[in-house]
Each structure stands twice: as C-alpha cells, then as structure tokens.
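Please consult the sequence and the structure shown here while reading.

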Amino acid sequence: MKYDCVIIGAGLSGMAAAVRLAHFGKKVLVCERHSRIGGLNSYYSRRGELIESGLHAMTNFAAKGAPKSLPLSKLLRQLRIPYGDLAPRGQNGSKIDFPDAVLEFSNDFAELADSVAKRFPHSIDKFLAFDEFVGSYDGLNVTAGYVSARSVLKERLDDELLIEMLFCPLMYYGSAVVDDMDFAQFAIMYKSIFREGFCRPAGGIKALLDILERRFVEGGGEILEKEPRDSRFPERGLVKNCRVATVNVEGGVVSSATLESGEIVETEKVLSSAGLPETESLISASDASKSVADTAEPGVLGFVETVAKLDAPMSARGYDTTITFFNNSAEFAYRPPEEPVSAESGVVCCPDNFRFEAGDFVPTPQIRVTMLANPDAWNTLRENRSDYESAKIAATETALKVAARISRTANIADSVVFTDTFTPNTITRHTERINGAVYGSPMKSKDGRTKIKNLFICGTDQGFLGITGSMLSGISMANMHLLA
Ligand SMILES: Cc1cc2nc3c(=O)[nH]c(=O)nc-3n(C[C@H](O)[C@H](O)[C@H](O)COP(=O)(O)OP(=O)(O)OC[C@H]3O[C@@H](n4cnc5c(N)ncnc54)[C@H](O)[C@@H]3O)c2cc1C
C-alpha cells in the first residue's frame with residue numbers, strides 16, 4: 001500500500017495534521033518514536049502524580065462564543081473539537097518583573113495598557129499606536145521574509161526599558177533567534193499573549209492529547225503500539241514506538257520512509273514535525289543533494305526547567321500570579337549564557353494559578369522555573385555522569401532561590417516534596433531536537449516547503465510555535481500541501 005502521507009512525529013503539530021487528514025479520508029501514517037504522543041508537551045508520572053512535561057499555559061485564550069476569526073476558535077473548528085471539550089480556563093494574571101519596573105497583564109488587554117500608562121506615562125500614546133499597528137499586522141503571511149522585531153520596535157517606541165519588557169515574555173515563549181525575533185513571530189506572539197492571553201485546558205495536557213487521539217480514531221484512524229515483530233500498518237494509523245530512520249529520496253523526490261525496525265513504507269508525501277536540520281539528517285545517503293533548505297541551521301537557545309512539587313499551593317502563601325517573566329539586570333539578554341544556566345532572567349509559573357471550575361483537573365501544587373541554558377556546556381557535562389548530576393543539583397538550587405525571590409516567599413525549599421530538572425540534553429533525548437532547542441532553527445520554512453518537492457515541514461520549524469501555534473501549523477500545512 002502507498003500512503004498519501006507519512007507524518008514524522010505525533011507532537012501537537014503532527015497530531016493536528018493527522019486529525020485533519022483522517023477527517024478527509026486520506027491514507028495517513030503517523031510515526032512516533034515514543035510510546036506516548038505530545039512531543040515537547042506531554043506528561044509523565046512521578047510518585048503517583050501526573051506531572052505535565054511542558055504546560056505552563058496555552059496562549060490565545062478565547063471565551064465561549066468569541067469571534068470565529070480568533071486562532072483558538074479556528075483551531076477548534078478545523079479539528080471539530082467542541083469548545084466545551086477543551087474548556088479553556090483563564091489565567092489569574094501575569095507579570096513582567098524588571099529591576100526598575102513591573103508590568104501586569106491578564107486576558108483583558110486594558111490591564112496591560114493601564115500598567116504601561118502608570119509606569120511609562122510618556123510612552124503610552126506611542127504604545128497604543130504600536131498596539132494598533134501590531135493588531136493589524138499579518139504575521140501569518142507565509143511568503144514574508146525575516147524582519148528584525150528589534151528594529152521595528154526601536155522605530156515605533158521611545159523607551160528602551162519598555163521595549164525590553166515587551167520582548168521578555170515573547171522571546172521566552174517563542175523566539176529561536178538570539179536577542180531578537182522575526183517581526184511576524186513577534187506580532188503573532190504579541191496578539192496571542194497580550195491581546196488574547198493565557199489559559200489551560202480544564203483537563204490539562206493529557207485531556208487535550210486524549211481529545212486529539214479520539215478525533216483521529218473518529219476519523220477512521222487506528223492507534224497501535226509497535227511491537228518488534230509487528231509489521232502491520234493500518235490504512236490510517238498512528239503508530240507509537242515507531243521511529244522513522246530515513247526518508248528515502250531518489251532524484252529529488254521522496255519515495256518512501258524506512259522505519260527503525262527495517263520496514264519500508266511507501267508514500268506520496270512526507271510531513272515532518274522533527275525540525276528542519278533534524279529532518280535533513282534523516283534524508284537517505286543515496287540522495288546527492290541531502291539539503292532540505294539553505295538555512296537549516298540548528299537553534300542554540302536551550303533552557304533548564306525545574307518543576308518543584310510543593311506540599312501546598314503557592315496561592316495558600318499569598319502568591320496567586322500565573323506567570324512571572326523576570327529579568328534582574330539593566331540589559332535583558334536572550335542568548336545562551338557562558339555558564340550552563342543563568343538566573344539573570346527567566347520564567348516562574350504556577351500551573352495551579354488558573355480560574356478552575358468544579359471537576360477540573362487541578363495540577364498538583366507546584367512551581368516551575370525556566371532559565372536560559374548553554375547547550376554546549378550541558379553536552380560537555382554529559383560526558384561525565386557525576387559532573388552532569390552535580391550541575392543539575394546546582395541548577396535546581398538556583399531555581400528554588402529564584403522561585404522564593406520572585407514569589408517573595410521565604411523558605412520555599414522547606415515545602416518542596418520533590419523536584420525534577422530537565423536540561424537541553426533531556427529535550428534532545430526526548431525529541432531528537434539538536435541542542436535541545438525547544439524553538440528549533442532560527443530560520444523557518446514559513447510555507448512548509450523544502451528543497452525536496454514532496455517533503456514538507458510542520459510545527460516548530462515551520463514557524464508557528466507553542467501549543468496553539470503548533471496545532472495551527474499542522475492544520476495549515478495539511479490544508480496547504482495535502483488537501484488543497
Ligand atoms: C518545558 C517546556 C515547556 C513548554 N511550555 C509551553 C507552554 O506552556 N505553552 C506553550 O504554548 N508551549 C510550551 N512549550 C512549547 C511547545 O511545547 C512546543 O512549541 C510544541 O509542543 C511543539 O510541537 P511540535 O509538534 O512542533 O514539536 P514536538 O513536540 O517536538 O514534536 C515532534 C515529535 O516528533 C517525534 N520525532 C522526532 N523525530 C522522530 C523520528 N525520526 N521518528 C518518529 N518520531 C520522531 C518526537 O518524539 C516528537 O514527539 C513548552 C516546551 C517545553 C519543552
């Protein structure tokens with residue numbers, strides 16, 4: 001049998017594309033190297049607790065009945081997911097915390113505008129004009145080239161500190177570029193975080209992944225966990241424990257994919273969510289060109305994240321902020337630090353500080369701290385197990401100090417039940433992303449095309465990031481390259 005499409009990876013982009021293709025009766029095979037879907041945003045169990053591996057918050061909150069043009073409404077419609085199944089719960093409120101200023105924002109844009117007016121009264125008119133400009137900017141234009149957001153903000157805003165404060169959350173939640181970002185990406189992130197805001201699925205990430213699997217099955221798909229001698233491939237299937245080892249290209253055209261287990265699957269097209277340079281490394285050696293794009297450089301921005309499970313919610317200690325984006329120095333540096341991890345800036349998140357309703361899955365009491373990391377330093381540490389473990393312990397201690405300082409709560413370490421810390425190496429091990437670069441390559445393939453005419457990219461390296469963004473990427477790439 002020849003598939004219409006083989007999808008590499010069942011992260012959020014691959015799953016959204018698979019659901020879409022299944023709805024339209026395509027012969028699609030999704031291959032996921034893990035036994036669980038979700039990729040960067042999945043979950044695991046620790047001491048009997050369900051821990052979400054990625055979810056701080058979904059961006060693009062839309063209330064029930066909100067305009068159909070909003071990204072979340074579009075996403076739900078395209079995947080035929082009823083609003084009540086996702087049931088997004090809004091955030092309490094978030095902060096941008098710099099030494100000389102704090103800005104507060106929520107899912108009501110007026111709160112950010114008020115906060116800017118109070119702290120930057122001389123800049124509020126320019127800020128409101130900038131907001132209008134960003135609001136009408138088409139960040140989704142797939143033919144647009146890279147434009148430095150830093151240069152656009154310098155032209156339109158007059159306060160350096162305000163510029164850095166606006167960049168901090170948007171870079172931390174979606175820039176693969178050192179100290180800058182593509183203005184199209186800036187516009188998408190600005191609208192999704194400052195204008196629409198943060199939310200969580202009522203059932204957490206597991207519920208969202210379960211919904212995607214269910215929608216795939218309702219579209220005629222079958223879900224299998226691959227056993228070593230199992231070579232059955234359904235006409236429409238999601239196969240777990242199934243790594244794609246090579247994408248076989250002859251004469252500049254993909255003909256098939258070879259799986260780690262040795263089977264060869266013939267296909268008309270391949271849609272890869274593995275990343276541009278990672279996909280390039282899968283191209284069969286027999287193809288002379290090998291290159292999928294001129295700019296498939298691996299990303300260099302990695303993170304260390306510590307999850308600290310606490311004996312009581314942070315809200316019980318008077319800290320009910322959902323997310324704080326912080327920076328300690330005069331300059332905000334969004335680049336790999338010299339040392340393995342830097343506490344100069346970062347993100348502190350309490351996934352239990354949302355507006356939950358009765359019956360929701362409320363995450364176990366916890367605080368999460370994300371800081372910039374140096375992937376090279378962690379690769380070197382990895383060579384010696386005890387050095388690596390010591391560095392992780394040191395990073396965890398730093399994270400707990402950051403959590404105490406940002407939440408202005410003393411003795412947070414006394415309430416810690418357990419911690420988990422992941423490094424760029426953990427991300428690479430889990431997803432094969434080079435350098436553990438969560439946001440992938442700095443240059444994206446916005447239209448999903450590669451140099452190989454029937455090989456397409458979706459997800460992170462297409463350029464739509466985060467949970468909502470990667471699902472929209474899967475949908476739009478499926479629509480554009482497989483359903484048009
Ligand atoms: C710690 C952390 C916290 C985050 N928090 C948030 C958040 O709060 N909100 C938010 O919006 N975003 C968050 N993100 C970002 C978000 O998770 C990602 O942008 C999004 O999930 C990317 O989805 P994707 O489909 O592009 O890629 P991935 O999730 O990387 O999916 C790619 C999939 O491909 C599989 N794969 C790779 N190579 C192969 C192969 N050869 N064969 C078979 N399978 C393969 C991988 O196993 C993986 O499942 C976070 C990320 C991390 C790491």
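## Basis of the model

The model is predicted: local features need pLDDT of at least 70, side-chain atom pairs count only at pLDDT 80 or more, and totals for chains, interfaces and linings use all residues. Residues are numbered from 1 along each chain as its sequence is written, and side-chain values use heavy atoms, with hydrogens and water left out.

## Overall form

The protein contains 14 helices and 19 strands (DSSP runs of H or I with at least four residues, and of E with at least two, numbered from the N terminus). Of its 484 residues, 58% are buried, meaning under 20% relative accessible area with a 1.4 Å probe and protein chains only.

## The ligand site

The ligand is surrounded by 35 residues, of which S13, E32, N41, H56 and A57 are the closest; a residue counts if one of its heavy atoms lies within 4 Å. Domain 1 (2-55 + 204-297 + 443-481) and domain 2 (90-201 + 298-430) both contribute to this shell, so the ligand lies between them; the bounds come from an automatic or database domain assignment.

A polar side-chain atom of N41 lies 2.6 Å from a ligand oxygen, and a polar backbone atom of G466 lies 2.9 Å from a ligand oxygen. Helices α1 (12-23), α13 (424-431) and α14 (466-481) each give two or more residues to the shell.

Methods. A polar contact is a pair of N or O atoms within 3.5 Å; within protein, one must be able to donate a hydrogen and the other to accept it, and residues adjacent in sequence count only if both atoms are side-chain atoms. Buried means under 20% relative accessible area, exposed over 50%, partly exposed in between (1.4 Å probe, protein chains only).
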